[in-house]
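Hi,

Here is the structure I promised to pass on. Have a look at it first, and my notes follow below.

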Amino acid sequence: RQFVYETGAMDTGKGKQLNPEIVKRERKKGYKLSRTDVFRHRCRYFTDSGIIGSKEFVAEVFDEVKHLLDSKDERRFTPVGGMDGVYSMKRLGVGG
């Protein structure tokens with residue numbers, strides 16, 4: 001993140017550069033994402049995971065809808081990376 005913001009702020013003469021205020025704000029935060037930022041940036045979990053929330057919530061909702069799914073497997077719920085205490089019904093790889 002630091003590299004991307006700092007490089008994007010440089011005037012290379014090859015197009016636009018990042019707004020200095022955005023870079024200043026990121027420097028102040030040490031280029032770290034807050035828990036809220038991480039959650040907001042993980043929209044894929046909302047669209048691909050089916051169920052997202054606490055482990056108990058995911059298990060409860062899964063139990064209510066499992067008859068609609070063709071899976072006979074016992075589900076193991078996957079922690080959402082960077083989000084302590086938040087789980088997903090499906091295992092989602094980082095890259096895709």
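**Aromatic pairs and cores**

Phe77 counts as buried, because its relative accessibility is 15%. Please keep in mind as you read that this is a predicted model.

The structure contains 2 aromatic pairs. In one, the rings of Tyr5 and Tyr31 sit with their centres 6.3 Å apart and their planes at 45°, so this pair is tilted. Tyr5 belongs to helix H1 (residues 2-9) and Tyr31 to the loop between H2 and H3, so the pair links distant parts of the chain, 26 residues apart. Tyr5 has a relative accessibility of 18% and therefore counts as buried. Phe62 and Phe77 also form an aromatic pair, this one edge-to-face, at 5.9 Å centre to centre with 70° between the planes. Phe62 is in helix H5 (residues 55-65) and Phe77 in the loop between H5 and strand E2 (78-79), so this pair ties together parts 15 residues apart in sequence. With 4% relative accessibility, Phe62 counts as buried.

Both Phe62 and Phe77 belong to the largest nonpolar core, which has 6 residues, including Ile51, Val58, Tyr87 and Met89. Beyond its neighbours within four places in sequence, Ile51 is in contact with several residues, among them Val58, Phe62, Tyr87 and Met89. A second, separate core has 5 residues, including Val38, Ile52, Val80 and Met83.

Back to Tyr31 for one more detail: Tyr31 is not a glycine, yet has a positive phi of about 60°. Most residues other than glycine have a negative phi. Tyr31 counts as buried, at 10% relative accessibility.

Best wishes

Terms used: Residues numbered from 1 in each chain as written. Predicted model: local features only at pLDDT ≥ 70, side-chain atom pairs only at ≥ 80, totals over all residues. Heavy atoms only, no water. Core = buried A, V, L, I, M, F, W, Y, C linked by side-chain atoms within 4.5 Å. Buried < 20%, exposed > 50% of the residue type's maximum accessible area, 1.4 Å probe, protein only. Contact = heavy atoms within 4.5 Å. Phe/Tyr/Trp six-rings, centres within 6.5 Å; stacked < 30°, edge-to-face > 60°. Helix = DSSP H or I, 4+ residues; strand = E, 2+ residues; numbered from the N terminus.
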